[in-house]
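Me: I'd like a close look at one part of this protein, please. Could you walk me through it and then through what surrounds it?

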Amino acid sequence: MAGADVVIIENNKSVLDGLRALFESINCIVRTATSLKDFKKLIEDAHDRAPDVVLSDYRLRNNETGTDVARLIEEHFDW
């Protein structure tokens, strides 16, 4: 997985930090978000490339879910 573009969406800072450290330890390129809004900005900033891996907490704040994350990926990258 070295060099893989990994996005982690997690609203618990301890869990987010641990997952980031894990993926960075195997030389992944890691970007993080704590909400659907943050994730949307990440993928808009890298508009022509889908992440290789998206790891999302299912229950985010503001009644957002991992399903919303998946839906946003499908809409943004026209899958």
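Which residues does Asn11 touch, not counting residues up to four places away in sequence?

Reply: Happy to! Please keep in mind that this is a predicted model. Setting aside residues up to four places away in sequence, Asn11 touches Thr34, Asp57, Arg59, Leu60 and Arg61. Asn11 itself sits in the loop between β1 and α1. With a relative accessible area of 17%, Asn11 falls under the 20% cut-off, so it counts as buried.

Thr65 belongs to the loop between β3 and α3 (66–76). At 18% relative accessibility, Thr65 is buried too.

β1 covers residues 5–9 and pairs with β3 in the parallel sense over four bridges. Within that pairing, Ile8 has Leu55 of β3 as its bridge partner. Both strands are part of an open sheet of three strands, ordered β2-β1-β3 with parallel pairing. β2 (29–33) and β3 (53–56) are the edge strands, each having a single partner, so one side of each is left without a neighbour in the sheet. From one strand to the next, the twist averages 20°.

In one, the side chains of Lys13 and Asp17 meet at 2.8 Å, N to O. These two are four residues apart in α1, about one turn of the helix. Lys13 is exposed, with a relative accessible area of 59%, whereas Asp17 is partly exposed at 34%. In the other, Glu24 and Arg20 meet at 4.0 Å, N to O. They too are four residues apart in α1, and so are separated by about one helical turn. Glu24 is partly exposed at 38%, and Arg20 is partly exposed at 28%.

Asp68 forms a salt bridge with Arg71, with the closest N and O atoms 3.0 Å apart. Because they are three residues apart in α3, about one helical turn separates them. Arg71 is partly exposed, at 41% relative accessibility. The count for the model comes to five salt bridges.

Key. Residues are numbered from 1 along each chain as its sequence is written. This is a predicted model: local features need pLDDT of at least 70, side-chain atom pairs count only at pLDDT 80 or more; totals for chains, interfaces and linings use all residues. Side-chain values use heavy atoms; hydrogens and water are left out. Two strands pair if DSSP finds at least two bridges between them. Axes are lines fitted to C-alpha atoms, for helices over the stretch in contact, and angles run from 0 to 180 degrees between N-to-C directions. Buried means under 20% relative accessible area, exposed over 50%, partly exposed in between (1.4 Å probe, protein chains only). Contact means heavy atoms within 4.5 Å.
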